[in-house]
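Subject: Structure handover

Hi,

Here is the structure I promised to pass on. Have a look at it first, and my notes follow below.

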Amino acid sequence: MTERTLLMIPGPIEFEPEVLRALGRQSPSHMDPDFARAFGRALKRMRDVFAAPSGQPFIVAGSGTLAMELAVANVIEAGDRAVVASTGYFSDRMGSILERLGAEVEHVRPVALGDAPDLAAVEKALASGKTKLLAITHVDTSTGVRAPVQELAKLARDRGVLSAVDGVCATAGEAMEQEAWGIDLALTASQKAIGVPPGLALLMASKRAIEAHRARKTKVHSMYLDWGEWLPIMDGYERGAPAYFATPAVNLVAALDVALGHIVEEGMSARVARHDRLASAFRAAWKALGLRLLPARAELCANTLSAVYYPAGVDASFVGRVRAAGIVIAGGLHPDAKTKYFRVGHMGVLGASDVIATIAAIERALAKSGYKFDLGAGVAAAQKSL
Ligand SMILES: *Cc1c(COP(=O)(O)O)cnc(C)c1O
């Protein structure tokens, strides 16, 4: 087996060499003026990527789960009511985080795995008590379902409820205009569509969210999560005046500056269109191969990953066969169907040839697994789509 593989999982993804080079350099002092400029630039570039010109960006060392906590721990106090629009495993995780903060949590679940909750049901839940926050998972990585974020955020905004969007598997790959859509908290992590190795939690907070933090009656329990500690730091780096609260992950921040530079250069609309085009090619291939998707309907299919059921007679050992063909994909994650499907990440720097190589490897693995189909049909369908 060759050591050279293509990483096609829903994060970490393939990274640009220029991004990786930033990690291999000697760590600068966190007070270094050049580093401060890079940090400040990364914060400003986040506003472009999130389409949040007046948002408050945070870059904090941690994974996506920390970004989730950093978002909600600052606005939720014990006894607050929160509604979770559930689309899978990561929505449930947000529910658990909210419960640990002492919130009273109502989950609005879809009728079946692979569906999204009914908008009317979410509206009813928001109205059935004094609700502080609506949590939405933009793309739930366990199901490949993309929630109707714009519509859900509007339901919250219309009722004066804060909205929090977990964009860990979506931001910089799916369309999202934080300010135009009225989203209060948008969060992601470095290792997914942003294209930086794991280790950074990214959050953009609206003015309303910052006001909600200021209006708290109780202190944020965790010092590391408290925006009150981080705001002067983020502000300082943006002004080129570095200050210390907790040592930033300096190499990762430098790499983030490079990656966000690439994203801004490509342009968010072009980037979203590219993800859409490549995801369509994957969907054409799944259809031509006779494979069924987890998302219940076409409009729920994410552009950042595919969640695909194994055909009859094929089991989870399939993932290892694809790995032997040089492409790394992921198995299932949702506890209700973990062993019944696989996931292919398609976000970040990938291009048409990566799509073709991935489908070709999957076809060979399907053939080796004894699945009967027309070898090459998936690749042909993807080629036509591209
Ligand atoms: C990956 C992911 C997370 C968790 O991120 P970690 O970096 O693994 O902590 C949260 N939400 C979504 C939607 C994700 O895809």
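**The open sheet**

Seven strands form an open sheet in the order E2-E10-E9-E8-E5-E3-E4, with mixed pairing. Strands here are DSSP E runs of at least two residues and helices are H or I runs of at least four, both numbered from the N terminus; two strands pair if DSSP finds at least two bridges between them. Strand E2 (56–61) and strand E4 (104–108) are at the edges with a single partner strand each, so one side of each has no neighbour in the sheet. On average, neighbouring strands of this sheet are turned by 20° against each other, direction ignored (axes are lines fitted to C-alpha atoms, for helices over the stretch in contact, and angles between N-to-C directions run from 0 to 180 degrees). Inside the sheet, E3 (residues 81–85) pairs with E5 (residues 131–137) in the parallel sense over five bridges, and Val84 has Ala135 in E5 as its bridge partner.

Before you go further: this is a predicted model, where local features need pLDDT of at least 70 and side-chain atom pairs count only at pLDDT 80 or more, while totals for chains, interfaces and linings use all residues. Residues are numbered from 1 along each chain as its sequence is written, and side-chain values use heavy atoms, with hydrogens and water left out.

**The ligand**

The ligand is surrounded by 13 residues, the closest being Ser63, Thr65, Thr141, Asp166 and Lys192 (near means that a heavy atom of the residue lies within 4 Å). By type, the shell divides into five nonpolar, six polar and two charged residues. Helix H3 (residues 64–72) gives the largest share of the shell, three residues.

Some distances for you: a ligand oxygen is 2.6 Å from an N or O atom in the Thr65 side chain, and a ligand oxygen is 2.2 Å from an N or O atom in the side chain of Thr141. For Asp166, a side-chain N or O atom is 2.6 Å from a ligand nitrogen. Of the 380 Å² of accessible area that the ligand has on its own, the protein covers 88% (Shrake-Rupley method, 1.4 Å probe).

**Strand E14**

Five of the five residues of E14 (residues 341–345) are buried, meaning under 20% relative accessible area (1.4 Å probe, protein chains only). Tyr341, Arg343 and Gly345 are on one side, with Phe342 and Val344 on the other. E14 pairs antiparallel with E11 (residues 305–309) over five bridges, where Val308 stands opposite Phe342. E13 (residues 330–331) also runs antiparallel to E14, joined by two bridges, with Ala330 opposite Arg343.

Cheers

Technical notes
Buried means under 20% relative accessible area, exposed over 50%, partly exposed in between (1.4 Å probe, protein chains only). A polar contact is a pair of N or O atoms within 3.5 Å; within protein, one must be able to donate a hydrogen and the other to accept it, and residues adjacent in sequence count only if both atoms are side-chain atoms. Ala, Val, Leu, Ile, Met, Phe, Trp, Tyr, Cys and Pro count as nonpolar, Asp, Glu, Lys and Arg as charged, and the others, Gly among them, as polar.
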